[in-house]
Structure formats: structure tokens, C-alpha cells
Amino acid sequence: MWTVISEPGDSDTGQLIKALGAEEALDVILHGTGDAAGIELATLRARALPRSTTASISATFDAATTAGSELITPEHPHWPAGLNDLGTAAPYALWARGNTEILADTLSTAVVGARAATGYGEHATMEITAGLVSRGHTIISGAAYGIDAMAHRAALASGGRTVAYLAGGLDRYYPSGHQELLSRIAEAGVVATEIGFGQSPTKYRFLMRNRLIAAAARATVVTEAGWRSGALNIAAHALGINRPVGAVPSPVTSPASAGCHRLIREYGAQLVTNAEDSAAL
């Protein structure tokens, strides 16, 4: 129910759930019962109550049942342990479709980058991903156009395991042009989201989704990214929880890699050029 009535990454909600447990915290928000543990509830209630109708909750669970998905909670054996490093901003639960045990793989690397990828970026992504898979790494990414899609495709083509984290409900695969790719990932790997069924991606949810990619992986590799690429947001989340970040360089005349050079120069990312460098992270 929390995946329906609350936005992802809400530290106030996370603090309430941590203090009281998911069920008692829900009673406090919806019915005003129990001790709020000193947490200001007015704002939480204002956000949650309009979403907490019986119809909206029932629709989410009906859709989940029809779609054959699974709800993974922090107590589940397939819960990605790295997400706990997000503290009170950790997800309350994950909706997942596919081989959910992959979520708990301990040797995993996020391979991410720009949507407007160049041939150079795609080649570097393919080579690094295939090399990581051959070393036993699970590949994590966000299923976006460009670098993310190449990372997933290269992992699948190499017979590897891959996880796609989405910013909307599992009944609304995004981008729509990746329906086939995401279906393949759900068959051979796993597609996961912290957003309940029936909810669409938003700019805020994409930014929050990025923290899941960063936290679920042991390291993040940015293979190509422009100056303002969303991949830099993933890298920032990773660095914020002390995860190593690698960035692939390119000619200084390539705007498509200005973000990678920025990560190396300003954020202390490691310069990586191949799978061996990436695995060493």
C-alpha cells in the first residue's frame, strides 16, 4: 500500500516506517491511531489520503495479480541488500517481474549513460558489459534509450543476468519503444520498480529511480554522458553512499562525453577504459 500512497524517497515516510513498522505507520497516517513517534504527520497525510481510496488500492493489487508480479519487501530473501544503505530514503518495497533472486546478486555493476548515445558510446558499453558478464557480474541499468538499452542488450546477448529499474508501474513499461526489450529482460532477468501499478513515470520519479540503480550495484560505470546527462545524477547518488564510480573518457571534442570528463575532473570518478578497469572498481 505504501508504494501506492507515498512518493519514492520520502525520508519522512521512511522514518515513520522505520520507527513503527509498515503496518502501524499506515494506521497512523490513514486512521490517526497509534503514536507518531514525534514525526510531523500533517504533510504526510495530505499527500497520502487522496491516494488511499479502496478503489485505487484494489486496482493496484488486481493489476499485480493479473500481471504475475511479485512484491519484494526488505524482509524478503531476494531484497537487494544495497538498498538499505539509502537509510530512511530506501524504498518501502519493490514490485518485480522475472527471476527475482537476481535482485539479491552480490556481484553487480550499474552500466549507465546518455540517451543520445554515439556509436563510440554504444561500442564501449557493449565491450565493457560483455567483459563484466564474463567475470560473473550482474548488469543493472534503467532501460532508457541509448546506453542503458545497450547495456541490457549486451548482457542478454552474453548470457548474463540483468536488472532494469523503472520509474513507473510495471503495467506501464517506459519508454514505450522498449516493450520488447523489457519483456526479454523480464524473461531472462528481472524488471523492478518501487512504484505501484497504474502509476506513470514523472521527472521526480526518474530522479528517485536513479538512487535505486546506484544503491543496488556495488559500482557504477558511466560509459558516455553529456554535460547535463541524467547519468550524472546516478553517479552522484552512488558517490553519496560511498559507491565507486567509473567513467569512460572520449576525445575532448566530443560533447557526448563532457559529462564523463566532468565526473573524472570534479567528482573523483575513476577513469576506466575496459571491463578489467570496471571490474576492479
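Trp95 is found in strand 2 of this predicted model, where strands (E, at least two residues) and helices (H or I, at least four) are DSSP runs numbered from the N terminus. Local features need pLDDT of at least 70 and side-chain atom pairs pLDDT 80 or more, while totals for chains, interfaces and linings use all residues. Residues are numbered from 1 along each chain as its sequence is written, and side-chain values use heavy atoms, with hydrogens and water left out.

**Trp95**
- At 3% relative accessibility, Trp95 counts as buried (under 20% relative accessible area; exposed is over 50%, partly exposed in between; 1.4 Å probe, protein chains only).
- Trp95 and Leu170 lie 75 residues apart in sequence, yet their C-alpha atoms are 7.5 Å apart in space.

**Helix 3**
- In helix 3 (residues 22-31), the buried residues are Ala25, Leu26, Val28 and Ile29.
- These residues sit on the same side of helix 3 because they cover an arc of only 160° around the axis, taken from the directions from the helix axis to the C-beta atoms.
- Glu23 and His31, on the other side of helix 3, are exposed.
- Gly32, which follows helix 3, has a positive phi, near 70°.
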